[in-house]
Amino acid sequence: MDFLWLLFDVIGTIAFAISGALLGIQRRMDIFGILILALVTAIGGGIVRDIMVGRIPPTSLQTGLYMSITLITVGIVFIMYRYGWNRYIEGKSATKVYLTADALGLASFTVTGAAIGITVDSSNLVLTIVLGVITAVGGGIFRDILAHRTPSVLKEEVYALPALLGGIAYFVVYGMGHQIVASYVTFLIVFIIRMVAIEYHWNLPRIDRIHR
């Protein structure tokens, strides 16, 4: 189970590092700015989660693993764009890569956050959901604020809802005694819902205009 948790945490770190790096490039940041944006996206949500449950120092700061993964990921993305190797993923393709990476990070970190919640209190559904959602969307919120744009969680096609549903799924399946299955089911639920929402432009209800 520890290996599985680490696997999803690494997948989420790589995916969110890619999304942060791509946004930094889009915002015309230098290599340091791109790295900072990738770092806050990759580990920001996990740090908030760990602080909430009293894990000090946070998991991502206990070893150099997550920093190294992010640094390597940013280096690869930067070199691709620096030397024009990105010509195959321009325009709509680049947007698709960004959104897919973001969805992978969302799904992976929902799993790791929910798993921490279960570890802390296996009977607390609210804690499982909250930690899953915070881990999944926290880094993206920091990323968007630093990039001077409205956080995706507040305006994008169904974004935080998949993480919420994933947290519920993890709690239910885990409670049935299927610990490993819970991780895979949660990941698939979050990723599929998010990608379908992107494809079909699903949105939660909103007020488009104010009548006076």
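## Salt-bridge network

Asp102, Arg143, Asp144 and Arg149 are joined in a network of salt bridges, a salt bridge being a side-chain nitrogen of Lys or Arg within 4 Å of a carboxyl oxygen of Asp or Glu. The structure is a predicted model, in which local features need pLDDT of at least 70 and side-chain atom pairs count only at pLDDT 80 or more, while totals for chains, interfaces and linings use all residues. Residues are numbered from 1 along each chain as its sequence is written, and side-chain values use heavy atoms, with hydrogens and water left out.

The structure holds four salt bridges. One of them pairs aspartate 102 with arginine 143 at 3.0 Å, N to O. Aspartate 102 belongs to helix 5 and arginine 143 to helix 6, so this pair ties together parts that are 41 residues apart in sequence. Helices are DSSP runs of H or I with at least four residues, numbered from the N terminus. Arginine 143 also bridges to aspartate 144, with the closest N and O atoms 3.0 Å apart, and aspartate 144 in turn meets arginine 149 at 2.9 Å, N to O. Aspartate 102 and arginine 143 are both buried, where buried means under 20% relative accessible area, exposed over 50%, and partly exposed in between, with a 1.4 Å probe and protein chains only. The relative accessible area is 0% for arginine 143, and aspartate 144 likewise has a value of 0%.

## Aspartate 9, a buried charge without a salt bridge

Aspartate 9 lies in helix 1, which spans residues 2-26. Aspartate 9 is buried yet has no salt bridge, and the nearest side chain of opposite charge, that of arginine 49, is 4.6 Å away. For this assignment Lys and Arg count as positive and Asp and Glu as negative, whereas His and the chain ends are not counted.

The side chain of aspartate 9 does make a polar contact with the side chain of tyrosine 66, at 2.6 Å. A polar contact is a pair of N or O atoms within 3.5 Å; within protein, one must be able to donate a hydrogen and the other to accept it, and residues adjacent in sequence count only if both atoms are side-chain atoms. Leaving out residues up to four places away in sequence, aspartate 9 touches Tyr66, Phe109 and Thr112, contact meaning heavy atoms within 4.5 Å.

## Aromatic pairs

A search of the whole structure finds five aromatic pairs. Rings of Phe, Tyr and Trp (its six-membered ring) pair if their centres lie within 6.5 Å; planes under 30 degrees apart count as stacked, over 60 as edge-to-face and the rest as tilted. Phenylalanine 16 and phenylalanine 109 form a tilted pair, with 5.4 Å centre to centre and 55° between the planes. This pair links distant parts of the chain, since phenylalanine 16 is in helix 1 and phenylalanine 109 in helix 5, 93 residues apart.

Phenylalanine 187 and phenylalanine 191 form a stacked pair, at 6.1 Å centre to centre and 10° between the planes. Because they are four residues apart in helix 9, phenylalanine 187 and phenylalanine 191 are separated by about one helical turn. Phenylalanine 187 is buried, with a relative accessible area of 15%. Ring pairs join Phe8, Tyr184, Phe187 and Phe191 into a cluster.

## Nonpolar core

The largest nonpolar core has 44 residues, of which Val74, Leu106, Ala136, Val137 and Tyr170 touch the most other members. Such a core is a set of buried Ala, Val, Leu, Ile, Met, Phe, Trp, Tyr and Cys residues joined through side-chain atoms within 4.5 Å. At least two residues of this core come from each of helix 1, helix 2 (31-52), helix 4 (65-82), helix 5 (92-120), helix 6 (125-146), helix 8 (160-175) and helix 9 (179-200). Helix 5 supplies the largest share, 10 residues. Apart from its neighbours within four places in sequence, valine 137 is in contact with Leu106, Val153, Tyr159 and Ala160.

Threonine 128 is placed in helix 6 and counts as buried at 0% relative accessibility. Not counting residues up to four places away in sequence, threonine 128 touches Ala114, Gly117, Ile118, Gly167 and Phe171.

Phenylalanine 32, in helix 2, is exposed, with a relative accessible area of 57%. The C-alpha atoms of phenylalanine 32 and valine 74 are separated by 9.9 Å, the two residues being 42 apart along the chain.
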